[in-house]
Amino acid sequence: MTRPRRRWLLPVAALVFIILLALTASAALGTDRLNGKVRFGDTITIPASETVDHDLYLFAATITVNGSVKGDLVAMGSTVTINGPVSGELIVGGGNVTVNGDVAGPIRGGGGYVTIGGSSGKDVLVGAGYLTISGKVGQDLIFGAGSADVSGSVTGDVLGGAGRYSRSGQVGGTEDVTISQASPQPAPARTAGNAILDAIRQFIVVVLLGALALWLWPRAVHGAEETLRRRTLLSFGSGLALAIGYVVAVILALIAGILVAVVLGLLTFGALAAISIIATLLIIFVATFAFVLTVAFLADALVGLAIGRWVGPAIGMRVSADRWSELGLLALGAAVVVILTAIPVVGGLVKLVVILVGLGALALMAWGMWTGRPRPGAPAPVPAPAMPASAPPAPPPPPAAPAS
């Protein structure tokens, strides 16, 4: 009766830890540091009536600066808008960056969409996906962008590179912009030599990962391989259900993460909402990595080990219980699997069957270990010897005969 409780103890403890960590981070992100010099939060707005007489460091999802900054300004967020003047240097980064205020010093930044409509007293150094400069650059403009439009004026030189570049403003110095126009190259034809090299690489990776799995998790590998040999059709069906269920689970996890983030955002827990989104994406990434690794290599190793146990004795290969014998069977079966999956047209169907059978065997083995059921072919537990029944008490001796 204690086993089910212990089974849920670790997930519950992990959930409590994540909630406490998120609440702590949320509380920390909602405060200022160094007397307002460093500010964190979900949304930060500097009103037009506020004048900051020192350097300012802002970190938030949405940042809007309408007031004046008498010093350097560092702003990092998802959406950053600088409307007020900055007397020092501006360092900015975000997904959508807009600089409408005048900056006395240089501007350095990057983002997906960067628009500079104000003036800069010194250099402008920007890396962006889409760059638009309609203001005045006091010295040189240095950029790297996918698309760049310069309609403002540049006092100094222009140096950059872009996939598309357009300039309608004036440039006082030289202009050196590299425009990259990558033309699509035809894919190289797949030759027999390439196919052989790919098969050799696949074989090496499958054997190495299979040997590593046998070394680290021998019980799990043996259980899954035995399940595959004894329940092949059930493994195929379970693998098909697992593949479909994985796609559905990823979609549901994304929807659940978004809904949780929306609810937390409505409750003004912006930092906690961001943490929930990041945690959801991290879980999906780890699960996807494990799924792809299993589909690409571990399924081949598992099916190869099962085939090796079938083919090995048939060709007179000596099979024993030591580790080297198992590695030999694994290499033999992996070679068969790789050769079959490398055959044109047919190899794709064989690979699909290998993936589904391997996934299903692993799923059945994991389910059996979770529920405590013995795997097929495992020796039945030996019952405890029964206690011998106590012998009935001996009858009393007959009375002695009287003396004659």
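The points below move from the whole chain to individual residues.

1. The coordinates are those of a predicted model, and the remarks that follow should be read accordingly. The protein comprises seven helices and 14 strands.

2. Of the 404 residues in the protein, 32% are buried. When contacts between residues at least 6 apart in sequence are considered, 26% of them link residues at least 24 apart.

3. Helix H4 spans residues 232–266 and includes both Ser238 and Leu252. These two residues are taken in turn below.

4. Is Ser238 buried or exposed? Ser238 has a relative accessibility of 18%, and because buried means under 20%, Ser238 is classed as buried. Once neighbours within four places in sequence are set aside, Ser238 is in contact with Gly360 and Leu364.

5. Leu252, also a residue of helix H4, has a relative accessible area of 52%. The threshold for exposed is over 50%, so Leu252 falls in the exposed class.

6. Which residues form the nonpolar patch on the surface? The patch consists of Leu240, Ile244, Val247, Val248, Ile251, Leu252, Ile255 and Leu259. Together these residues present about 730 Å² of accessible area. Leu252, exposed at 52%, is thus one of the members of this patch.

Notes: Residues are numbered from 1 along each chain as its sequence is written. This is a predicted model: local features need pLDDT of at least 70, side-chain atom pairs count only at pLDDT 80 or more; totals for chains, interfaces and linings use all residues. Side-chain values use heavy atoms; hydrogens and water are left out. Patches are made of residues with over 30% relative accessible area and no salt bridge: like charges are joined within 9 Å, nonpolar side chains (Val, Leu, Ile, Met, Phe, Trp, Tyr) within 5 Å. Accessible areas come from the Shrake-Rupley method with a 1.4 Å probe; for residues, only the protein chains shown count as cover. A salt bridge is a side-chain nitrogen of Lys or Arg within 4 Å of a carboxyl oxygen of Asp or Glu. Helices (H or I, at least four residues) and strands (E, at least two) are DSSP runs, numbered from the N terminus. Buried means under 20% relative accessible area, exposed over 50%, partly exposed in between (1.4 Å probe, protein chains only). Contact means heavy atoms within 4.5 Å.
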